[in-house]
Amino acid sequence: MASKLGEMLVKAQLISQEQLEEAMKIQRREGGKLGTLVVRQGFCSDQDIVSFLGMQYGVPAADLDQWPAIEPSVIALVPADLAMKHKVLPLQRSGNVLTLAMSDPTDIFAMDDIRFHTGYNVDPVVSSEMGLARAIERYYGGASGLRLREDGPRSSSAQSAAMPQGGTQSTSPFNFDDPGGEALDLKSLEDELGDTDTEFDAVGDDEESVNVNALKAGSEDAPVVRLVNMVLIDAIRKGASDIHIEPYEKHYRIRFRIDGLLMEVMRPNLKLKDPLTSRVKILAKLNIAEKRLPQDGRIKLRVNMSGKQKTIDYRVSVLPCLFGEKIVLRLLDSDKLMLDLTKLGFEPESLERWDRQISKPYGMVLVTGPTGSGKTNTLYSSIAKLNTADVNIMTAEDPVEFNFAGINQVQMKEQIGLNFAAALRSFLRQDPNIILVGEIRDFETAEIAIKASLTGHLVLSTLHTNDAPSTINRLMNMGVEPFLVATSVNIICAQRLVRRLCANCKGPDAHPPMPEALLKVGFTEQETKTIKLLGIKGCETCNSKGYKGRVGLYEILEMSETLKDMVLTGASAIELREQAVKEGMITLRRSGCRKVLDGVTTIEEIVRETVL
C-alpha cells in the first residue's frame, strides 16, 4: 500500500522519484506511514496529500485543523479507544448518517466496526494522518491519545461480548432461499464485532416517524447480517428449539431455549435493536415499517454442516413491546422429528391403547398439553404410521411445520377467511379418511370436527388443557353437548416433555431424598425401598448441564363405556380421573416416576412439569 501511494504521488508530480526513495529508506529504518514521512521531510504539504487522496478515492477531503468545532454529542458516539484503533474521528451526524474522517477511506473493516458500534451509516471523508492525530488529541485528550496504534490490542470483553456463550469458531457455509445468501465465518465475525458491553438509555419511539430506507440500509450492514447469520446457525449447533430476541430499556438480549429451558447467550449493543429487527423481518418477508402490530412470517435456511446439507425452517413471530419489538423464532428441523411412536417415551401399556384407538376407522383422537410439549410430534408420528396408499389424509395446520409425502396439508390464512372451521368444511367434500386439525380453538371448529368423527372419519386434533380428564370439561365449556363428546371421543393423550439425563455422565445420586419425600412425590412404598436414583454430573457432551435431550411423559385416557356413561351424567374431571386410574390409566406424575425408576430423568424434572 505504501509503495502504491508513493507511486501515485510521483505520478501526480507531488514528489519526485528521488524523494520517494529517500522516504522509503526512512520508512524501512524507522517505520511509520509513508504519507506522514513525506510531509515530515517537507517534500509536500499535509493538505496536498489530503486533496490528492480525496480525488483518488472520490470522497471529500477535510482539513481538520480548519474544521469547525465538533459537538461533544458527536464525539461521544465513538469511544476514544475505537477512534485511536482505527485512526478515525466523527465530524457530524445528520439523521442516520455519521460523517467520519479517515486517513484511509477504503478501510471497510474500520467503517463496519464504527457502524456496528454506533448504529449509524458511515459517510467517510479523507484526512491526513497527522491532522487526525492532532484532532484526536484535541477532542479525546491525554498523552496516550497521541499514540495511534497500528494493531491495538482488543479487550477480552470486546472479543467475547459479540459471540454467543460457548460459541464455536468453525466455519459453516450456508445461504438463504432468498438471493444474497453468504457464507458465515465466525472467526472473521468475532474480529469485526466491536465492544458490545456498553449500556444505553432507551428512549420510547411511539411517536417516531419510520424511515423505511434507513431501516433497510441499516439491516444490510455487513456486521448486522453476520450477527443474524451467526445467531441462526449457533441455535442449530446448540440444539435450540426457540430463539428469543428481546429489547429492554437499558439492554438488549438474545436467549435460546435448549431442552425446554431458556438460556441467555448474548447481549448485543442496544443500538443494534432496529437494524437487527429489520434484518430478521426482511428475511421473513415482513413489513419493516410496521412497528405497532404483531407479525408472523417464516425463514427457510439451507445449511451445510459437517458435509451434510439440510434445510431448517424458522417460524418468526414479531410482537411490539414497551421498548421495541420482541422476536421469537421457532426452529423446525425435520431431522429432529421423531416419527417412531415407540421412541417417544410411551409406556408399553399406554402405547398399546394409543395404537388401538388411532387404528379405528372413525372417532376423535385428542392430544393436549401446553405450547412446546411435543403435541405436533405425537400427531405427526401417528399419521405417519397411518399414511398408506389406500387412505386419504387431509391436515389443516397453522402453520404447516413439516411436509410429508402422500399427505394433503393446508396452511391456515386467517386474513382471507381460511380458518380451521372453513378448512374442515372443505375437507368433508374431499373424500377424506383421516383428518388432522391443528388445534380446536372454538365451538365452531369443535362442532365440525365432532360431526366429522361421527360420520365415518378419524379426526386427530389438539387442545390446551392441563391433563386428559379435564379435556372432556373443556369441550363441554366450548358448548359441545355431553352426548356428542361421549360418542365421538376415542382417546385423549396429555403430555409433557422433561429433560433426559446425559447418558455420558449420569451416575448414582450422591444425596438421595428420604423415603418419606419419595412417597410424597408419588412413588409407592415398595419402590422407595428398591429405587436407585441417578443424579446429574455434567460433561462436555451435555455442556456441563447433566441433561441432554428430552423425553415425553404421557397420560392416556381411553374412553371406556363406564367413562362415557359418566360424561353423560355430568361427572367432574376429578371423578373421571379416579375412574380412569382404576381402569389402568397412567397419570403424568406416574409416567414421570417410571422414567425416574428407569434412570431416564430426575425427580426435579418430573416435579417441575407435573402435579399429583
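First, the ground rules. The model is predicted, so local features need pLDDT of at least 70 and side-chain atom pairs count only at pLDDT 80 or more, while totals for chains, interfaces and linings use all residues. Residues are numbered from 1 along each chain as its sequence is written, and side-chain values use heavy atoms, with hydrogens and water left out.

Start with the whole chain. There are 25 helices and 21 strands; these are DSSP runs numbered from the N terminus, with helices being H or I of at least four residues and strands being E of at least two. Of the 612 residues, 50% are buried. Buried here means under 20% relative accessible area, exposed means over 50%, and partly exposed is in between, with a 1.4 Å probe and protein chains only. The accessible surface comes to about 28,800 Å², and carbon and sulfur atoms hold 50% of that. Those areas come from the Shrake-Rupley method with a 1.4 Å probe, and for residues only the protein chains shown count as cover. Among contacts with a separation of 6 or more, 66% join residues 24 or more positions apart. A contact is a pair with heavy atoms within 4.5 Å.

Next, the cores. A nonpolar core is a set of buried Ala, Val, Leu, Ile, Met, Phe, Trp, Tyr and Cys residues joined through side-chain atoms within 4.5 Å. The largest one has 53 residues, and those with the most contacts inside it are Met-364, Leu-366, Ile-440, Val-489, Phe-523 and Leu-557. Take Leu-557: setting aside neighbours within four places in sequence, its contacts are Ala-468, Pro-469, Asn-490, Ile-491, Ile-492, Leu-563, Ala-580 and Met-585. Apart from that core lies another, of 36 residues, including Ile-254, Val-265, Val-303 and Tyr-314.

Leu-563 also turns up beside Gln-579. That glutamine sits in helix α23, residues 573-582, and counts as buried at 18% relative accessibility. Beyond four places in sequence, Gln-579 is in contact with Thr-562, Leu-563 and Met-566.

Where does the search find cavities, and how many of 30 Å³ or more? It covers the whole structure and finds 3. A cavity is a set of points on a 1 Å grid, over the protein atoms alone, where a 1.4 Å probe fits but cannot get out; lining residues have an atom within 4 Å of a point. Grid points are joined across faces, edges and corners, and a volume is the space filled by probe spheres set on the points. The largest cavity has a volume of about 50 Å³. Its lining is Val-228, Val-231, Leu-232, Ile-243, Ile-245, Ile-254, Leu-276, Val-280 and Leu-329. Elements giving two or more residues to that lining are α12 (222-237), β7 (240-247) and α13 (273-283), and α12 gives the most, with 3.

Last, the backbone. Most residues other than glycine have a negative phi, and most peptide bonds are trans. Which residues go the other way here? Lys-87 has phi near 55°, in the loop between α6 (80-86) and β1 (88-94), and is buried at 10% relative accessible area. Asp-431 has a positive phi of about 50°, lies in the loop between α16 (420-427) and β16 (434-437), and is exposed at 64%. The peptide bond from Asp-398 to Pro-399 is cis, with omega near 0°; Pro-399 is in the loop between β14 (393-397) and β15 (408-411). One more loop residue is Pro-361, between α14 (348-358) and β13 (363-368). Pro-361 is exposed, at 57% relative accessible area, and its C-alpha atom is separated by 8.3 Å from that of Ile-434, 73 residues apart along the chain.

Note on methods: On a 1 Å grid over the protein atoms alone, a cavity is a set of points where a 1.4 Å probe fits but cannot get out, and a pocket is an open set with protein on both sides within 12 Å along at least five of seven lines; lining residues have an atom within 4 Å of a point.
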